[in-house]
Amino acid sequence: MTEKGIDRREFLKTAATTGPAALALSGAAAAQGPAPARMIGIQVGAISFLDEGVEQVLDIFQERASINTLFLAVFTYGRGIAGRQVPGQPLPDHGKQEYDLKYHGGNFATPHPQYYKDTALKAEDTRAPDYPGVDTVTLVAPAAKKRGMRTILWAEDVFRNDLPNIDKLQEYDVTGRRGARLCFNNPNSTNFLLGLVEDYSRSYDVDGIMWCSERMGPLNNVMRGGNPDRASCFCQFCQAKGRRLGINVDRAREGYLALEKFLKEAAGGKRPVDGYYVTFWRIILRYPEILAWETLWNDSLRETYQALHSKVKSVKPAMLCGWHIFHSNSFSPVFRAEQDLQELAKYSDFLKMVMYHNCAGPRMANYIDGLHSGVFADLPKEELLQFQYRVLNYRERGYEQIPFTGFSSDYVYSESKRAVDGATGTKTLIWPGIDIDVPTGANQSKCTPQGTRDAVAAAFRAGAHGVVLSRKYSEMRLANLSGAGEAIKALKSA
């Protein structure tokens, strides 16, 4: 923590005053009123309220799906959680029937400069220009609170490369090229994120913060194929940290360059004498620093979680703070091994675990394609998929089928139960993310009301503490939203 510029005494003091009891949902309830038995959340951005009206959207949420918690997109430059429907995807049956082709993104709340003094990225440069004069939180949160609904602010690790000074925060890959994401060991990045959550915690009367980083470490990145150059970060701050930890940085770099060469040749169809998988392990064994660098990256992400959680609790001990754990958790055994829920629970009030059942089919098939282009090119794709199913402990249809069928509610049940069991003995709440019209290809599987109903029911049957309807309301069809509501009403009447 001290390597990231966080005062150790402040952290220990905060931890002492925000013990395990504060991590439970009842911690927020003490300040906000009685908590509902089940958290029913939905992800939504500012444009939906501007297009349809705040009260009308809240009416739809409560009437169709018994929503009691808003996950309000407040910081992102991506289209996954903010803006209207992604261009090219079918428009939903509500809101303006048009795409926002000039979407920019940024901070959809009001940044207060005093919280961003220790970073090169200026607060005013991050203010989203999409809706001038609109502060999403002040627009929505008070109206939600009057209805007894809670608001959790959602910030995402997605930035634009044209932001002033963004180069002072970003990763650098093994070849020295600047990447698109923040480096977790760069003080500029850490201080910006700390300023962001402190700003939200102090400036708004809300119930929680969720931060999302849909990223994997360097080894995971190169293994999934497509672009082996993505081994990062090797910036000056990561190199300095690696040396402090006793890692031979030059050997780590040599190892990733060897992987890069091997995977590029594999993608071109050049089979090594001993096969792809054996050659991959030969490189790993020759350069164990590859694994050390992967661990360094993941430890740095967890330190960032810990620092953000500590900052939020130092401002408002009752405020919830948790993380979005993205979909690779269902596809990559290596990534899953790095998501130790017992460890994450130490600094997580909740975990939103992505279990998007419908788009999981196309996404898993795409993941298999990536693996098959390199490390696992020795195996037929169907056998590789069956291997993945076995080691991840769930079963779905075959490789040729899943892009067109998606995954079943059995997948949601298995993944929900695994997460609940993994967090046993902790106060951390498990909130599965449920797929409602997450975009897929034109001829690929699509969500249905019955499929959505089954997925929600499966999550609760597995013991989940809540669900988060995802990715964003502006791409959901109302019938599918109602399907989620039917499952929730059935639970209430049971």
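**Entry 1: aromatic rings**

I count rings of Phe, Tyr and Trp (its six-membered ring) as a pair if their centres lie within 6.5 Å; planes under 30 degrees apart are stacked, over 60 edge-to-face and the rest tilted. My search of the whole structure, a predicted model, turned up 28 aromatic pairs.

I picked out Phe75 and Phe192, whose pair is tilted, with 5.7 Å from centre to centre and 55° between the planes. Phe75 sits in strand β2 (residues 69-76) and Phe192 in helix α8 (residues 187-203), so this pair ties together parts 117 residues apart in sequence. My helices (H or I, at least four residues) and strands (E, at least two) are DSSP runs, numbered from the N terminus.

Are these two residues buried or exposed? Phe75 is buried at a relative accessible area of 1%, and Phe192 is buried at 0%. For me, buried means under 20% relative accessible area, exposed over 50%, and partly exposed in between (1.4 Å probe, protein chains only).

I looked at a second pair next: the ring centres of Phe407 and Tyr411 are 5.1 Å apart and their planes are at 70°, so I call the pair edge-to-face. Phe407 and Tyr411 are both buried. I also found a cluster in which ring pairs link Phe75, Tyr77, Tyr116, Phe159 and Phe192.

**Entry 2: ground rules**

I number residues from 1 along each chain as its sequence is written, and for side-chain values I use heavy atoms, leaving out hydrogens and water. As the model is predicted, I ask for pLDDT of at least 70 for local features and 80 or more for side-chain atom pairs, while totals for chains, interfaces and linings use all residues.

**Entry 3: the whole chain**

I find 21 helices and 11 strands in the protein chain. Its radius of gyration is 22 Å, close to the 23 Å that the globule rule gives for 494 residues, so the chain is as compact as a globular protein of that length. I take that radius over C-alpha atoms, and the globule rule is 2.2 Å times the number of residues to the power 0.38. Along its principal axes, the C-alpha trace spans about 65 × 50 × 45 Å.

Of the 494 residues, 58% are buried. I also looked up contacts (heavy atoms within 4.5 Å): among those with a separation of 6 or more, 77% join residues 24 or more positions apart.

Which residues does Ser189 contact? Ser189 is in helix α8 and is buried at 1% relative accessibility. Leaving aside neighbours within four places in sequence, I see Ser189 in contact with Leu169, Leu182 and Cys183. I get 35 Å between the C-alpha atoms of Ser189 and Glu265, which are 76 residues apart along the chain.

Gly41 belongs to strand β1 (residues 39-44), and at 0% relative accessibility Gly41 is buried too. Not counting residues up to four places away in sequence, Gly41 touches Ile67, Thr69, Phe71, Val467, Val468 and Leu469.
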